[in-house]
Each structure stands twice: as structure tokens, then as C-alpha cells.
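The sequence and the structure are shown first.

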Amino acid sequence: METISAIRGFKDILPAEAGQWLFVEEQARRVFHAFGFRDIRIPILEKTELFARGIGESTDIVEKEMYTFTDRGDESLTLRPEATASILRAYIEHALYATDPVARLYTIGPMFRRERPQKGRYRQFYQIDAEILGLDDPRVDAELILMLTHFLKAVGLTNPHVEINSLGCPVCRPGFRSAVVAHLQGREEELCGDCRRRIDTNPLRVFDCKIESCRAAVEHAPRLADFLCDACRVHFGTVQESLGLFCVPFSINDRMVRGLDYYTRTTFEVTTDVLGAQNAVVGGGRYDGLVQQLGGPDIPGIGFAIGFERLVSLMPRVAEDFRRTPALFIAALGAEAQKIAFELANRLRLNNVEVEMDYAGKSLKSQMKRADKLGCRYALIIGDREIAEKSGVFRDLRNSTQTPVGLDLASITGKMEALQRGVEDLV
Ligand code: ATP
Ligand code: MG
């Protein structure tokens, strides 16, 4: 029969890669918990309106990347393209602000965007997403970036480039926006079709366009730094000072506007040279008006999203380094030995020892070959003679030494522990 393959741009994370993914998740949880974050799990499907309102009608995501369909009940639904809108929806819906004025929330899970699949760009991809709600203190912006860089170090990224910028606020951004519009109107013929449209809909997005002529057209465009109001200037100054306190290296990129409409004040990206055109591994920023825009109270917020696949591709340690290997392989020769092996293997598993065995009655040679392939550290060999003597052969597969061991749980686990401590043979 014909086989069925996965959808283009959707990929499986196989057990061989999963060890690395688990490691990244464990590090994220450990670091985020220390910074007061708590796990939140939100649905993968939401009403389309949430993203239209929460991300912005004139963004790439909403304009052309969403997986939207009409449900049987004639409702328009969308597979989440990012997590912030959903987290804020849940925050407002459950009035989390009523129990505590500050919420630090994170989630790890798949996002969906219908983009052209290529290296580092999928249609289903994972993000690690963190949001702080209820604080507009600039030190919190620095704290979030500190946590981010600490996490990146924990997974082995030694030299991430953190770029920061301030996008201003509703007081100062309109002035900047008008100046940019005036600049772009003068150079309209150099812009791509998308950017020409953006002059009216979303002029700042032209800074984000990857097309060469558009980049050139904005090279001498007005700079946001010259338009920031006093409050935004002080805010941005404190962010930088606070980052300095922890020696977090960063650079200011005043052309970074980020793709989403909702950002205010501090925005940031983490990039590396390795990723090329898809060079951002993390994107984030402050969104002080978003909770209100989604129908909630006037509560400020800031967050980031890490691209999981891009992060994994940057780690110096590769999937193989995180491979899970059974601690022990039980090789049984003959029906009677298999009976003992079966019982021992599962009793050991019930005691959290990772054990593998052979169920097919293969030769000793082929069983040892499999133990080796699985990467087992130890093997326990049981044959007729061992049964008669009530003691198996315990082999250290790394240095091929072997000693007898009693065929009971305590003897086997005792042996493994002794060997792991480096005490060769105590018996
Ligand atoms: P890009 O400019 O690369 O399209 P973006 O601005 O759309 O990124 P964000 O919405 O800020 O990305 O998402 C945060 C992170 O999620 C990105 O920095 C990236 O690492 C990751 N990401 C975004 N889109 C994809 C995708 N299609 N496949 C894999 N990872 C992605
Ligand atoms: Mg994108």
C-alpha cells in the first residue's frame, strides 16, 4: 500500500533528537522558574479575531501566514501563529490580574505559519515564549533580557548578539511615523510592491523588509532615537544601565522595528551569524497597550519568543550528545533464562533503572551487538550455568571486565552503583 507522508513544512522530532529537545526544555524551565515564571498552557486553536486584533491586520503574519479555516459551526478559527495573543486572552479571560498584579507566564509549544519552508523556517515550529504582565519598570525589561541570555548560555550559546531598540510610545511614535511616511513618499519608486502598500498601512515595517532596494531606500530615513519623548528616553536609558549591571553585552539597533504591530518602547532580538537570512533566534519586546486592545484593563507587558528549531541548530552540542542509553542490557540464553530476565528487567524498571533485554531468543553474539548499538554501559548475561550457580555474569561494556553477580535486584543495582562510583569490585 502507498505510504502517507507528513505535510510540507511540518516535521517530526524523532527520539534521536528528542533528548536534545528535552534538555533545552529542562533548562528553560529551571531558569524561568528561578525568575518567578509559571507555566501556562493555552489552546492551539483560537478565534481568528484574536490574532487579527492582537497581532495587527497589516502584519505579514495576519495578512498571509495564518492557517485559518471555517469550522463546521461557521466560525472562523486559526491555528496560533504565536503565543502572546493567546496568553493575554487567557490572562484577561481569567482575570489573573485580580489575584496578583504581576504575572510571569511562559509556555513551550508549536506555532503555525504558512510560510515557504526552508532551512530554519517551517510551517509548524516550536517556540519558548515568556511574558511579564503588570510591570512597566524598565529594570524589568533588562531582567527579562538577562534571563534570556542566562538561558541561552545554559544551553551552550556562548556568544549571542543581543540587539535592542526603543520603539517609543503613543506620545512620540506618531511624529516618527509621519517623518518616515514623508521620507518613503519621496522614494516610492525604489520600494517593492509590499512596501509601497506599507506606506499607508504600516510604514515602519519597511525597515523590516529584506529586499535590497528597500533596505537602501530607508538607509537615510529618520531615526527613531531622534523622536523619543523624554519618558521613553529615560526608560530606554535605564534598560541599558540595568543590562550593564550584569555585563549583558548588547548593541543598539535603531532600525529594528520587529514584525508585530503591538510593540512599544523596548524591543530586542537575538541573532547569530550562523543563521543567514533567517538570522533571528529570539524576538521580543514591550507591548504596553496590548492588554487593553484585547479588551482587558490598562496593564503593561513585555515578552519574548525563542525559535526552538533555530536554537537547537545553533547549539554546540548536537543531538547525539543527548542520546538516552539504557544502563543495563540483560542477555538471556534459553527459555529458563529468559523467564528470569523478563522478571528482573521489569523489576529493575519499576526501580527506575533503564533496562533493555532480548525477547527473541537471539544468540549471545547478536544480543551483545544490540546492547552495544543501544549504548548500554553494562550487560548481565544469564545462561543455564548461571541459573544453576544462581549468579549471572556482569559485564562492563566500556572496558570489557566481568564479574559474577547475584540474580536479584539488590545485587545488580549494588553492582551498578559500585561501578559507577569507580569502585571496581567489592565482592
Ligand atoms: P523572521 O523574520 O525570521 O520571519 P519573525 O519576526 O517572523 O522571524 P517572531 O514572530 O519574532 O519571528 O518569532 C520569534 C522567533 O520564532 C523567531 O526569531 C524565529 O526564531 C522563530 N520563527 C519564526 N518563524 C519561524 C518559522 N516559520 N520556522 C521556524 N522558526 C520560526
Ligand atoms: Mg516571519
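**Domains**

The model is predicted. Its chain is divided into domain 1, made of residues 15-172 and 228-319, and domain 2, made of residues 325-417. Between the C-alpha centres of domain 1 and domain 2 there are 48 Å.

**The sheet and helix 1**

Eight strands form an open sheet with mixed pairing, in the order 1-5-6-11-10-9-7-8. Strand 1 (38-39) and strand 8 (251-252) stand at the edges; each has a single partner strand, so one side of each lacks a neighbour in the sheet. Helix 1 (residues 15-34) packs on this sheet and touches strand 1, strand 5 (103-112), strand 6 (124-133) and strand 11 (301-307). The direction of helix 1 makes about 160° with that of strand 5.

Strand 9 (residues 264-271) and strand 10 (residues 280-286) run antiparallel and are joined by 6 bridges. Within this pair, Thr271 stands opposite Ala280 of strand 10. In general, the strands of a sheet pair through backbone hydrogen bonds, either parallel or antiparallel.

**Helix 8**

Which residues of helix 8 (residues 193-201) are buried? They are Cys195, Arg198 and Ile199. Because these residues cover an arc of only 115° around the axis, they lie on the same side of helix 8. Gly193 and Asp200, on the other side of helix 8, are exposed. The cover over the buried residues of helix 8 includes helix 3 (60-65), helix 7 (173-185) and helix 9 (212-217).

**Cysteines**

The structure holds 0 disulfides. The sulfur of Cys209 has its closest cysteine sulfur in Cys195, at 3.7 Å; a disulfide requires sulfur atoms within 2.5 Å, so this pair is too far apart for a bond. Cys209 is buried, whereas Cys247 is exposed.

| Residue | Relative accessible area | State |
|---|---|---|
| Cys209 | 8% | buried |
| Leu146 | 19% | buried |
| Cys247 | 66% | exposed |

**Leu146**

Leu146 belongs to helix 6 (residues 138-154). Its relative accessible area of 19% counts as buried because the limit is under 20%. Leaving aside residues up to four places away in sequence, Leu146 touches Phe35, Phe246 and Val248. Leu146 and Phe35 are separated by 111 residues in sequence, while their C-alpha atoms are 9.9 Å apart in space.

Conventions
Residues numbered from 1 in each chain as written. Chains lettered and ligands numbered in written order. Predicted model: local features only at pLDDT ≥ 70, side-chain atom pairs only at ≥ 80, totals over all residues. Heavy atoms only, no water. Helix = DSSP H or I, 4+ residues; strand = E, 2+ residues; numbered from the N terminus. Buried < 20%, exposed > 50% of the residue type's maximum accessible area, 1.4 Å probe, protein only. Contact = heavy atoms within 4.5 Å. Domains from an automatic or database assignment. Arc of directions from axis to C-beta. Pairing = 2+ DSSP bridges. Axes fitted to C-alpha atoms, helices over the stretch in contact; angles between N-to-C directions.
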